[in-house]
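Try each task before you read its solution.

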Amino acid sequence: MADVEKNHNIENKLRKDLGLVSALSLVVGMVLGAGAFMKPPAVLEIAGDYNYALLAWIIGGIVSICGGLTLCELGVMFPRTGGLLVYLEKIYGPKVAHLYGWMITIIFSPALVGALVGYFSSVFCLLFAISDDYQMVVSIAVLGFITVINAIGVKQAAYLQTIATICKLIPILLLTVFGLFKGNGQVAIFNASGQGIESMAPFAVAILATLFAYDGWAQVASVAGEINNPAKILPKAIILGILFLIIVYACINIALFKILPVQQMVSLGHDASAVASQHMFGQLGGNLIAVGIMVSILGGINGYIMTLSRTIFGMGERGNIIGAKFLSTIDDDSRSPINAILLLAVLAFLYVTLLDADRLSEISMFSIWIFYLLTFIGVIIGRKKFPNVPRPYKVIGYPIIPLIAICGAAYVIYGMLIYQTLNGVISIIVTLLGLPIYYYYSNKHRHIDSGFGQTKQYRVKRKYTIALATLLLMVICTLILR
């Protein structure tokens with residue numbers, strides 16, 4: 001208890017510079033992205049009906065609001081870099097925190113990045129009329145490009161992120177406005193659509209699919225300690241930010257429903273937004289929108305590689321993971337955790353060659369929501385375990401809001417286990433494999449107090465090595481596919 005209070009007092013010195021506008025921008029900026037374009041057809045196919053699809057988007061947003069409001073209580077209790085890793089360690093101990101970090105390294109990060117790469121490759125091949133057989137080559141190229149950018153330095157990666165954030169607003173705005181007011185399709189919203197699609201998936205899987213588009217709200221909790229007057233600003237930022245996103249996603253869905261017939265939208269899948277743009281703005285205008293969509297997805301890939309590689313690096317520093325010294329090495333030239341970035345890129349490419357992008361996104365969401373569920377429960381445990389820790393923000397509507405978040409998380413996890421039992425069970429088993437690894441390395445390194453982090457200067461700059469390796473792989477794959 002004393003250790004917790006000591007840490008809180010030290011970390012409470014963080015500058016509290018974030019106001020409502022900054023917090024709102026953080027919520028919307030982190031969440032709004034590739035899911036807006038890629039997920040509507042998948043949600044419609046699983047839900048089987050326009051109305052159920054919209055309902056899934058609304059419920060997914062409500063669960064995200066309740067989750068964000070709940071999680072932020074832990075954010076102000078433990079305002080330290082690390083987010084969920086810190087919260088889980090404080091509430092449940094180092095073993096659960098290790099399992100979370102292991103899951104992020106082996107499942108969530110590469111599956112999420114792999115899904116985004118798959119979406120990018122699909123739109124790229126459609127735009128340039130390239131055979132889908134070459135998606136592997138495109139995947140290598142985009143992963144290599146983002147890896148090189150991050151190998152050069154975090155400043156360059158941040159520049160790319162800023163450009164992508166601005167660009168992603170253009171196709172969203174154009175598709176939504178013109179689709180709603182100019183689309184001429186017959187959409188029977190709030191009535192029997194008569195165009196239902198036969199689906200064997202439980203409704204919970206449709207909600208799980210929307211959670212990919214809402215993912216990112218958890219990052220707000222990691223800066224909760226730097227928000228001025230969090231008791232007032234946090235709930236406003238989360239509620240207003242995600243309500244805005246629910247409206248945006250609903251409008252995008254209705255716009256697509258008005259442009260494309262239901263069966264065509266489902267059959268197009270990842271390409272639905274690009275094809276809808278071509279219908280609305282002609283070949284040239286549609287292609288420009290498609291480029292905007294690709295830049296948006298590119299920003300998502302870059303943002304997740306930039307942030308998630310730091311979590312992998314942190315796991316390496318703890319020393320309780322395979323290849324800890326390799327993963328916790330910082331390149332002396334760029335001061336970036338290039339080895340962690342490389343591992344993430346390689347695993348993402350491996351995953352996207354083995355599984356469909358939608359399947360990868362569902363696996364990533366299933367894996368992370370297991371730990372979201374634990375953190376939601378952890379807020380209730382924390383009230384009893386750390387009653388004296390200062391809480392500048394307490395979740396509103398306690399315990400109703402946390403219980404809604406808990407029930408929502410449990411429902412989507414149940415849906416995944418029922419619908420994709422094998423993928424769900426494999427994800428759980430792979431996550432639990434982290435336990436024997438934790439015990440092995442904890443015993444092996446129990447006499448070592450310092451972290452494994454080191455700075456290393458390579459003979460050949462890593463950015464050149466990565467670029468050449470990418471080009472070589474592209475050439476080899478192209479020759480094989482010819």
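**Exercise 1.** Work out whether Ile-404 is buried, partly exposed or exposed.

*Solution.* Ile-404 has a relative accessible area of 36%. Buried means under 20%, exposed over 50%, and partly exposed in between (1.4 Å probe, protein chains only). So Ile-404 counts as partly exposed. As for its place, Ile-404 sits in helix α17; helices are DSSP runs (H or I, at least four residues), numbered from the N terminus.

A quick note on ground rules: this is a predicted model, where local features need pLDDT of at least 70, side-chain atom pairs count only at pLDDT 80 or more, and totals for chains, interfaces and linings use all residues. Residues are numbered from 1 along each chain as its sequence is written, and side-chain values use heavy atoms, with hydrogens and water left out.

**Exercise 2.** Describe helix α9, its cover and what follows it.

*Solution.* Start with length: α9 (residues 203–214) has 12 residues and reaches 17 Å from first C-alpha to last. That's close to the expected 16 Å, taken as 1.5 Å times one less than the number of residues. Next, cover: 11 of the 12 residues in α9 are buried, including Leu-208, Phe-212 and Tyr-214. Finally, Gly-216 follows α9 and has a positive phi, near 130°.

**Exercise 3.** Find the residues that Ile-301 is in contact with (heavy atoms within 4.5 Å), leaving aside neighbours within four places in sequence.

*Solution.* Ile-301 is in contact with Val-113, Leu-116, Val-117, Phe-120, Val-142 and Ile-146.

Methods
Helix = DSSP H or I, 4+ residues; strand = E, 2+ residues; numbered from the N terminus.
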